[in-house]
Amino acid sequence: MKKGLFYAILASVLWAIVNPFIKQGLSYDFTPMNFAGIRFTTVGVILFAYTWHKGMWKEITQHKRLFSNLILINMFMGYTAFYFGVDFVSGAISSIIMGMTPLINVLLAHMLASNDKLNTHKIISILISLIGLLLIVGMGSNGEPLDWKGIAGIVLLLLSIIFQGYSAISVSEDRGKVNPIFLNAVQMFFGGLMIYTVGLFTEGYHSFIGKPSGFYISLAILVFISVFAFSFWFIALQSKGAKVSDINMCRLINPILGALLSWTILPDEHPTFSTVAGMVIIVTSLVFYFKGGKKRAKG
């Protein structure tokens, strides 16, 4: 379990810095699905070069249900919702909303996982976090009420958490059956290719040649994060004794670090009372859960 938490923390730190760079990359006259497709397909090619082995197509066929969940639900549906969500709201708000991931996954694990049920501390944590979410939903990055686009962005981000949480449970339930880095290679390549293809039809072709250096720096950082973060995450989920809800608690790092980076990197974003208060309340609910888990273990 300690090994699982270590890799989960590494993945969470990497994911915490994603949102500002997505916002920065999209600011160079680029569209969400084109950008996501290029990023993930590139990651898939890199990981395939590392994990290529004899009999891998047979392995994919043998575990087609697991791979289908990751490609269709985690990558295509989850990241399509995520990229549009990030595009519709500020980087800080998207980071904070994604901080709800652990608590939403607690609910999903209770409903879907075989050994991961709700208890009093989990329920109280969820209720506290909803107060923080309401503060964020009610206000935008400038302290004014969100418009329909901002609300739609938050809904899309929440949907992406649900899609990815379901996939995480699939990986956890099938632990040890597939190498986690190879698992990442397959989902990234085929999922990214699917996102990019659909993006060509829905958004049109957007050339990535001749862009300013900031675009390529953002893309390179995002590719680096995806190569390692998902691989670390799958290792964590497949660790002996790991529970999806406990592993996801490590993602409490995301709302703090992600929001701070957005306020630091993106020139038009700054902290407001509502976003900071919402972030503090959500993180408090997660800490309450974590402390409660320790007390139960000692008892």
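Student: Which residues does Gly25 touch, not counting residues up to four places away in sequence?

Tutor: Gly25 touches Phe30, Phe35, Phe215 and Ser218 on that count, where contact means heavy atoms within 4.5 Å. This is a predicted model, in which local features need pLDDT of at least 70 and side-chain atom pairs count only at pLDDT 80 or more, while totals for chains, interfaces and linings use all residues. Residues are numbered from 1 along each chain as its sequence is written, and side-chain values use heavy atoms, with hydrogens and water left out.

Student: What makes Gly25 buried?

Tutor: Buried means under 20% relative accessible area, exposed over 50%, and partly exposed in between, with a 1.4 Å probe and protein chains only. Gly25 has a relative accessible area of 0%, so Gly25 is buried.

Student: Why is helix H2 called mostly covered?

Tutor: Eight of the nine residues of H2 (residues 18-26) are buried; among them are Val18, Pro20, Phe21 and Leu26. Helices (H or I, at least four residues) and strands (E, at least two) are DSSP runs, numbered from the N terminus. On that basis the protein comes to 14 helices and zero strands.

Student: Is Asp29 buried or exposed, and how do you know that?

Tutor: Asp29 has a relative accessible area of 61%, and therefore counts as exposed. Asp29 sits in the loop between H2 and H3, and has a positive phi of about 55° although it is not a glycine.

Student: What makes the pair of Phe40 and Tyr79 edge-to-face?

Tutor: A search of the whole structure finds 28 aromatic pairs. Rings of Phe, Tyr and Trp (its six-membered ring) pair if their centres lie within 6.5 Å; planes under 30 degrees apart count as stacked, over 60 as edge-to-face and the rest as tilted. For Phe40 and Tyr79 the centres are 4.7 Å apart and the planes are at 70°, so the pair is edge-to-face. Phe40 lies in helix H3 and Tyr79 in helix H5 (residues 64-88), so the pair ties together parts that are 39 residues apart in sequence. Phe40 is buried at 0% relative accessible area, and Tyr79 is buried at 6%.

Student: Why is the pair of Phe48 and Trp57 called tilted?

Tutor: The ring centres of Phe48 and Trp57 are 6.4 Å apart and the planes are at 45°, so the pair is tilted. Phe48 counts as buried at 7% relative accessibility, whereas Trp57, at 47%, counts as partly exposed.

Student: Why are H3 and H5 called oblique to each other?

Tutor: Axes are lines fitted to C-alpha atoms, for helices over the stretch in contact, and angles run from 0 to 180 degrees between N-to-C directions. Angles under 35 degrees count as roughly parallel, over 145 as roughly antiparallel, 65 to 115 as roughly perpendicular and the rest as oblique. The axes of H3 and H5 come within 9 Å and cross at roughly 130°; H3 and H5 are therefore oblique to each other. Residues of H3 including Phe35, Arg39 and Phe40 meet residues of H5 including Phe76, Tyr79 and Tyr83.

Student: Where is confidence lowest, and where is it highest?

Tutor: The predictor's confidence in each residue, pLDDT, runs from 0 to 100. Confidence is lowest in helix H12 (residues 244-248), at a mean of 69, and highest in helix H3 (residues 32-51), at 91. The protein averages 79, and 81% of the residues score at least 70. Where pLDDT is low, the predicted coordinates should not be read in detail.
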